[in-house]
Amino acid sequence: MKAYIGLYTARVETGARSLKEKRALIKPALERVKARFPVSAARLYGLDAWGYEVVGFSVLGNDPAWVEETLRAAARFLAQNGSFRVALEEFRLEAFELDGLL
């Protein structure tokens, strides 16, 4: 039996003029994603840069189609509901065996 982990990373670009302003745009957007979808979300890179940040989501499940669709739906939601632009994004789906646990 297999389990699947889905990973989504994105570079989001803002017009923020300070780190405080950027955080006020990105942090609430990630909280809305986590409230709506069963994903973990994190600010990954660019925390000290004004104009961009790299964010990511992850989800774990036993159905690869569900894992992928959940990530894609969360990514669409982020792009449509944030006050920033998603410049680059990457999706990744990894499978791993659960045989040692069964």
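Which backbone oxygen does the side chain of Lys-22 reach? The points below answer this and describe the surroundings.

1. Basis of the note. This is a predicted model, in which local features need pLDDT of at least 70 and side-chain atom pairs count only at pLDDT 80 or more, while totals for chains, interfaces and linings use all residues. Residues are numbered from 1 along each chain as its sequence is written, and side-chain values use heavy atoms, with hydrogens and water left out.

2. Lys-22. The side chain of Lys-22 reaches the backbone oxygen of Tyr-52 at 3.3 Å. This is a polar contact (a pair of N or O atoms within 3.5 Å; within protein, one must be able to donate a hydrogen and the other to accept it, and residues adjacent in sequence count only if both atoms are side-chain atoms). Lys-22 belongs to helix 1, residues 19-36; helices (H or I, at least four residues) and strands (E, at least two) are DSSP runs, numbered from the N terminus. Lys-22 is buried, at 0% relative accessibility (buried means under 20% relative accessible area, exposed over 50%, partly exposed in between; 1.4 Å probe, protein chains only).

3. Glu-53. A polar contact of 2.8 Å links the side chains of Lys-22 and Glu-53. Glu-53 sits in strand 3, residues 52-61, and is likewise buried, with a relative accessible area of 0%. Beyond four places away in sequence, the residues that Glu-53 touches include Ala-10, Val-12, Ile-26 and Arg-43, contact meaning heavy atoms within 4.5 Å. For Lys-22, the corresponding list includes Thr-14, Ala-16, Arg-43 and Trp-50.

4. Four strands form an open sheet in the order 2-3-1-4, with antiparallel pairing; two strands pair if DSSP finds at least two bridges between them. Strand 2 (40-45) and strand 4 are the edge strands, each pairing on one side only. Neighbouring strands are turned by 20° against each other on average, direction ignored. Axes are lines fitted to C-alpha atoms, for helices over the stretch in contact, and angles run from 0 to 180 degrees between N-to-C directions. Strands 2 and 3 are antiparallel and joined by 5 bridges; Val-54 in strand 3 is the bridge partner of Tyr-45.

5. Helix 2. Helix 2 (residues 64-81) lies across strand 1 (2-13), strand 3 and strand 4, and runs at about 150° to strand 3.

6. Asp-99. Asp-99 is in the segment after strand 4 (85-97) and is partly exposed, with a relative accessible area of 47%. A polar atom of the Asp-99 side chain lies 3.0 Å from the backbone nitrogen of Met-1.
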